[in-house]
Amino acid sequence: MKVTALNESVKKETSVVKRPASARGTTELGWLHSRHTFSFGNYFDPDHMGFKALRVINDDVVEPGQGFGEHPHRDAEIFSYVIEGELEHKDSMGNGRVIKAGDLQYISAARGVLHSEFNPSRKNRVHFLQIWLQPRMGGGEPRYAEKTLGKDARPNALTLLFAGEPRDGAVEMRADADIYFGKLDAGKSLAYHPSRRHGQWVHVISGDLSVLGERLQPGDGLAVENADALEFQSQAGAHFLLFDLN
């Protein structure tokens with residue numbers, strides 16, 4: 001019994017690994033300028049296949065009047081966050097929306113869905129993040145939701161966007177994950193206390209961010225495991241995403 005108690009009391013060392021924006025994969029198609037945090041499409045890196053349930057973070061810029069034609073997905077939890085401009089979405093469930101800067105769109109592809117994404121502007125680019133997570137299990141009915149964030153994001157706090165279990169106004173996902181939007185004003189900080197059975201991924205959207213001794217800029221990512229707490233600080237202000245997932 002004493003040995004068991006001793007083993008249970010031993011904590012694993014905290015792991016912190018930075019993924020610099022400059023090291024990401026790239027796709028350049030003239031109408032599309034994409035940066036891939038993890039392996040995607042023609043970009044393959046066996047050392048960066050995903051993190052826990054997180055499989056894709058694509059940082060996409062689409063030229064005016066261009067976009068992704070109708071294409072299929074299945075068994076993936078997909079959401080898009082529009083950073084700048086507008087993104088027009090259509091899918092085989094009958095949804096058709098224009099997502100504006102600061103807002104999000106969610107699809108649970110489940111057993112299968114078709115969708116397209118298009119920049120409806122004739123003069124402005126659209127800049128957005130598309131993110132995929134692995135669901136707890138395959139199959140089921142596809143579903144769709146939107147999340148209006150914009151000016152409603154709380155300053156110097158984490159706003160829960162998506163959750164594995166419904167709570168606090170978050171959109172329920174079919175993944176063992178909680179996803180937060182972080183907003184820090186210049187010179188401010190905030191703390192987060194995760195479950196030690198989960199890992200955390202931080203993605204900086206804008207501004208500067210310091211966490212666990214690492215200084216992050218836009219596009220940078222950070223993988224964290226076995227941390228008791230994460231303290232986020234910013235000198236000039238920051239917007240970022242925090243994934244807490246299994």
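Student: Hi! Is Gln200 buried or exposed?
Tutor: Hello! This is a predicted model, and in it Gln200 counts as buried, because its relative accessibility is 1% and the cut-off for buried is under 20%.

Student: Where is Gln200 placed?
Tutor: You'll find Gln200 in strand 17, which covers residues 199-207.

Student: And what does Gln200 touch, not counting residues up to four places away in sequence?
Tutor: Quite a list! Gln200 touches Phe51, Tyr192, Pro194, Ser195, Leu222, Ala223, Val224, Leu230, Leu242, Phe243 and Asp244. Keep Phe243 in mind, as Phe243 also belongs to an aromatic cluster.

Student: What box do the C-alpha atoms fill?
Tutor: Along the principal axes, the box is roughly 65 × 45 × 35 Å.

Student: How many of the residues count as buried, as a percentage?
Tutor: Of the 246 residues, 48% count as buried. As for the surface, the chain exposes about 11,900 Å², and 49% of that comes from carbon and sulfur atoms.

Student: What about charges: how many positive and negative side chains are there?
Tutor: The chain has 33 negative and 29 positive side chains. The centres of those two sets lie 2 Å apart.

Student: OK, back to the aromatic rings. How many aromatic pairs are there?
Tutor: The count comes to ten. One of them is Phe40 with Trp132, an edge-to-face pair with 5.4 Å centre to centre and 75° between the planes.

Student: Where do Phe40 and Trp132 sit in the chain?
Tutor: Phe40 is in the loop between strand 3 (32-36) and strand 4 (54-62), while Trp132 is in strand 11 (residues 126-133). They are 92 residues apart, and the pair links distant parts of the chain.

Student: Is Trp132 buried or exposed?
Tutor: Trp132 is buried, with a relative accessible area of 19%.

Student: You mentioned Phe243. Which residue does Phe243 form a tilted pair with?
Tutor: That would be Phe79: the rings are 6.5 Å apart centre to centre, with 35° between the planes. Phe79 lies in strand 6 (residues 77-84) and Phe243 in strand 22 (residues 238-245), so this pair ties together parts that are 164 residues apart in sequence. Phe79 and Phe243 are both buried.

Student: Which residues form the aromatic cluster?
Tutor: Phe79, Tyr106, Phe162 and Phe243 form it.

Student: New topic: where does Ile107 lie?
Tutor: Ile107 lies in strand 9, residues 104-108, and is buried with a relative accessible area of 1%. Leaving out residues up to four places away in sequence, Ile107 touches several others, including Ile78, Met93, Val113 and Tyr144.

Student: Last one. Is Lys147 buried or exposed?
Tutor: Lys147 is buried, because its relative accessible area is 17% and under 20% counts as buried. Lys147 is found in strand 12 (residues 143-147).

Student: And what is Lys147 in contact with, leaving aside neighbours within four places in sequence?
Tutor: Among its contacts are Asp103, Leu104, Leu160 and Val171. For the chain as a whole, 70% of contacts between residues at least 6 apart in sequence join residues at least 24 apart.

Terms used: Residues are numbered from 1 along each chain as its sequence is written. This is a predicted model: local features need pLDDT of at least 70, side-chain atom pairs count only at pLDDT 80 or more; totals for chains, interfaces and linings use all residues. Side-chain values use heavy atoms; hydrogens and water are left out. Buried means under 20% relative accessible area, exposed over 50%, partly exposed in between (1.4 Å probe, protein chains only). Contact means heavy atoms within 4.5 Å. Accessible areas come from the Shrake-Rupley method with a 1.4 Å probe; for residues, only the protein chains shown count as cover. Lys and Arg count as positive and Asp and Glu as negative; His and the chain ends are not counted. The place of a charge is taken as NZ of Lys, CZ of Arg, CG of Asp or CD of Glu. Rings of Phe, Tyr and Trp (its six-membered ring) pair if their centres lie within 6.5 Å; planes under 30 degrees apart count as stacked, over 60 as edge-to-face and the rest as tilted. Helices (H or I, at least four residues) and strands (E, at least two) are DSSP runs, numbered from the N terminus.
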